[in-house]
Amino acid sequence: MNKITNRFNIMKFIIVLSGLIIMVTGCGNFNQNEGVNSNTKTMNSSKKAYINQDDINSLSTDENRMMQTIKNLTLTPRPIGSNEEKAACADLKSELESYGYQAEVQEFPYIVQSLKLNNIPFGEGEFWDFNISQPDGTSQNLIAVKKPNISDGKNILIISAHYDSSAHTTGAIDNASGVAVLMEVARNIASFPSNIEVRFLLFGGEENYLYGSRYYVNSLSEGERRRIIAAINLDCIGEEGPNPATLGTNDGKENAACKLFTDYDMQIDRGAMSDYYSFVKAGIPALSIAQNPVLAGTGHELSDDIARIDKAKLKTVADIVAKVLLNAMCLEK
Ligand SMILES: [Zn+2]
């Protein structure tokens with residue numbers, strides 16, 4: 001009887017003590033400024049603390065810089081093959097180089113796809129068919145790579161956004177917003193060490209049936225494809241109004257890419273068509289961070305204006321993506 005009571009008391013003590021530990025460690029990471037639970041991942045056995053957890057927790061992206069990127073991009077429409085699309089690519093390239101990245105332009109000839117294909121999504125053969133005899137023009141992807149610098153880590157993580165727009169809009173929401181988030185994330189993580197390869201991809205010609213991303217994925221070797229742990233796309237973020245950004249997947253279900261975000265309060269839904277789909281078609285875990293439009297048809301219309309962007313929403317997404325990335329940069333192998 002006595003023994004049992006003693007054991008009971010010891011158990012009570014352990015329960016109270018572990019409760020206290022959970023309270024202390026759990027509350028310490030809660031960042032009230034973001035309005036979402038931004039607890040960062042606790043290092044588990046597959047990770048080493050290459051990056052100080054305090055540095056990850058205290059990372060804070062600059063929403064005014066993101067607004068400036070959107071302002072610079074949205075002076076004109078940037079349709080596929082246009083001089084304006086090329087100029088935007090050149091500007092983004094110099095900007096990425098100023099953060100310390102090596103950036104390269106991948107040019108590709110294209111055909112105006114809507115005239116040549118009648119089914120969306122495409123048939124298998126059409127999706128990867130770049131055998132063009134008479135191109136309608138040339139567009140380009142911009143690729144900036146952060147190589148692993150701790151060891152010879154083999155894993156690749158992709159962050160992408162398309163910088164073209166359709167012909168009749170300056171495309172602030174669709175998709176200068178995604179580009180602005182990508183650029184600010186790239187700037188914030190540039191100086192940290194990494195155990196994985198991070199590729200920042202800015203796609204041209206997305207509005208022409210994902211042309212740039214299809215071309216890019218098609219250009220990857222089988223070995224490279226296998227090394228990609230996840231592709232995270234950014235398309236249509238920060239429209240003012242009640243809708244939050246979500247993690248969009250091909251089937252609306254959680255996949256390996258979503259698992260990187262498990263410590264953040266983001267809903268998973270069926271993604272709208274965007275460049276992540278090119279990775280899905282190649283069997284790579286992919287998602288698109290996007291916001292369901294408040295106004296129907298927002299993306300391709302004149303109403304897609306910088307005045308309708310809520311910069312606090314850009315910051316929420318950029319902070320989360322930067323922290324997810326820093327945690328992934330500590331992954332082994
Ligand atoms: Zn888009």
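The legends below describe close-up views of a predicted model.

Residues are numbered from 1 along each chain as its sequence is written. Because the model is predicted, local features need pLDDT of at least 70 and side-chain atom pairs count only at pLDDT 80 or more, while totals for chains, interfaces and linings use all residues.

**Figure 1. Overview of the chain with its 11 helices and eight strands.** Helices (H or I, at least four residues) and strands (E, at least two) are DSSP runs, numbered from the N terminus. Of the 333 residues in the chain, 43% are buried. A residue is buried if 20 or more other C-beta atoms lie within 10 Å of its own, exposed if 12 or fewer, and partly exposed in between, with C-beta atoms placed from the backbone. Among contacts with a separation of 6 or more, 84% join residues 24 or more positions apart. Two residues are in contact if their C-beta atoms, placed from the backbone, lie within 7 Å.

**Figure 2. The open sheet of eight strands.** The strand order is β1-β2-β4-β3-β5-β8-β6-β7, with mixed pairing. Two strands pair if DSSP finds at least two bridges between them. At the edges stand β1 (102-110) and β7 (268-270), each of which pairs on one side only. On average, neighbouring strands of this sheet are turned by 25 degrees against each other, direction ignored. Helix α4 (residues 83-98) lies across β1, β2 (137-146) and β4, and runs at about 10 degrees to β2. Axes are lines fitted to C-alpha atoms, for helices over the stretch in contact, and angles run from 0 to 180 degrees between N-to-C directions.

**Figure 3. Strand β3 and its pairing with β4 and β5.** Strand β3 (residues 156-162) pairs with strand β4 (residues 197-203) in the parallel sense over seven bridges. In this pair, His162 stands opposite Phe203 in β4. The pairing of β3 with β5 is also parallel and has five bridges. Here Ile159 stands opposite Ile232 in β5. Seven of the seven residues of β5 are buried, so β5 is largely enclosed by the rest of the structure.

**Figure 4. Strand β8 with its partners β5 and β6.** Strand β8 (residues 286-291) is mostly covered, with six of its six residues buried. Ala286, Ser288 and Ala290 point one way from β8, and Leu287, Ile289 and Gln291 point the other way. Strand β5 (residues 228-234) pairs with β8 in the parallel sense over four bridges. Asn233 stands opposite Ser288 in β8, and Leu234 stands opposite Ile289. Strand β6 (residues 245-249) pairs with β8 in the antiparallel sense over four bridges, with Ala245 opposite Gln291.

**Figure 5. Packing of helix α3 against helix α11.** The axes of α3 (residues 63-73) and α11 (residues 311-328) come within 9 Å and cross at roughly 110 degrees. That makes α3 roughly perpendicular to α11. Angles under 35 degrees count as roughly parallel, over 145 as roughly antiparallel, 65 to 115 as roughly perpendicular and the rest as oblique. The crossing of α3 with α11 is right-handed. A crossing is left-handed if the near helix is turned anticlockwise from the far one by less than a right angle, and right-handed if clockwise. Glu63, Met66 and Met67 of α3 meet Lys311, Ala312, Leu314, Lys315 and Ala318 of α11 in the contact. By class, this contact has five nonpolar, no polar and three charged residues. Ala, Val, Leu, Ile, Met, Phe, Trp, Tyr, Cys and Pro count as nonpolar, Asp, Glu, Lys and Arg as charged, and the others, Gly among them, as polar.

**Figure 6. Packing of helix α3 against helix α6.** Helix α6 (residues 172-189) packs on α3 at an angle of about 135 degrees, with the axes 8 Å apart. α3 and α6 are therefore oblique to each other, and α3 passes α6 in a right-handed crossing. From α3, the contact takes in Arg65, Met66, Thr69, Ile70 and Leu73. The residues from α6 include Ala172, Ala176, Val179 and Met183. The contact of α3 with α6 divides into nine nonpolar, two polar and two charged residues.

Figure 7. Leu73 counts as buried because it has 26 C-beta neighbours inside 10 Å. Leaving aside neighbours within four places in sequence, Leu73 is in contact with Ala88, Tyr163, Ala176 and Val179. The C-alpha atoms of Leu73 and Asn175 are separated by 9.6 Å, and the two residues are 102 residues apart along the chain.
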